[in-house]
Amino acid sequence: TSHARRTVEDVEFLDISNSFYSESAPSIRLSLQEIVNANNKKIAINLENATFVDSVALSVLLSGMKAVSGIGGEIILVNISEAVRPIIELTCLHRVFRIADDDSSAVAKFESS
């Protein structure tokens with residue numbers, strides 16, 4: 001699969017396993033929707049193992065952020081891989097999303113907001 005879900009304290013993590021692009025995007029979009037539908041307001045997307053993201057993936061992230069902020073929540077991007085970091089910076093998504101270096105700092109960022 002393209003991703004895995006896990007919970008750390010009260011934060012829902014989505015671990016992206018390899019390329020996050022048009023082929024894997026629908027299942028990731030669905031998981032985000034399920035998390036928001038369950039009224040979970042704290043979502044961390046772990047990009048540690050992401051090898052690539054495309055414009056479809058970026059639109060999934062942005063629509064996910066819009067959906068979760070609609071219920072008063074947030075998505076934080078965690079552990080952005082070296083392969084993906086330039087794309088995040090080029091598209092200025094680091095200004096849209098808060099960024100955390102690891103799981104524990106992501107959880108701490110949610111608690112401080």
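Select Ile45 and show what surrounds it: leaving out residues up to four places away in sequence, Ile45 touches Leu14, Ile16, Leu32, Leu61, Ile75, Ile76, Leu77 and Val78. Contact here means heavy atoms within 4.5 Å. The model is predicted, so local features need pLDDT of at least 70 and side-chain atom pairs count only at pLDDT 80 or more, while totals for chains, interfaces and linings use all residues. Residues are numbered from 1 along each chain as its sequence is written, and side-chain values use heavy atoms, with hydrogens and water left out.

Next, select Phe20, Ile43, Ile45, Leu47, Leu61, Ile75 and Leu77, the residues with the most contacts inside the largest nonpolar core, which has 26 residues. A nonpolar core is a set of buried Ala, Val, Leu, Ile, Met, Phe, Trp, Tyr and Cys residues joined through side-chain atoms within 4.5 Å. Buried means under 20% relative accessible area, exposed over 50%, and partly exposed in between (1.4 Å probe, protein chains only). At least two residues of this core come from each of strand S2 (11-16), helix H1 (25-37), strand S4 (42-46), helix H2 (55-69) and strand S6 (74-78). Helices (H or I, at least four residues) and strands (E, at least two) are DSSP runs, numbered from the N terminus. H2 gives the most to this core, six residues.

Stay on H2. Its 15 residues reach 21 Å from the first C-alpha to the last, close to the 21 Å expected at 1.5 Å a residue; the expected span is 1.5 Å times one less than the number of residues. Color Ala57, Leu58, Val60, Leu61, Gly64, Met65 and Val68, which are buried. They lie on the same side of H2 because they cover an arc of only 155° around the axis, taken from the directions from the helix axis to the C-beta atoms. On the face turned away from the buried side, find the exposed residues Ser55 and Lys66. At the N-terminal end, Asp54 caps H2, with a side-chain oxygen 3.0 Å from the backbone nitrogen of Val56.

Now move to strand S1 (residues 3-8), which runs antiparallel to S2 and is joined to S2 by six bridges. Two strands pair if DSSP finds at least two bridges between them. Ala4 has Asp15 in S2 as its bridge partner. In the hairpin of S1 and S2, with two residues between the strands, select Glu9, which takes a positive phi near 55°.

Finish at Ser2, in the segment before S1. Ser2 counts as buried because its relative accessibility is 12%.

Definitions and conventions: Polar contact = N/O pair within 3.5 Å; in protein donor to acceptor, adjacent residues only side chain to side chain.
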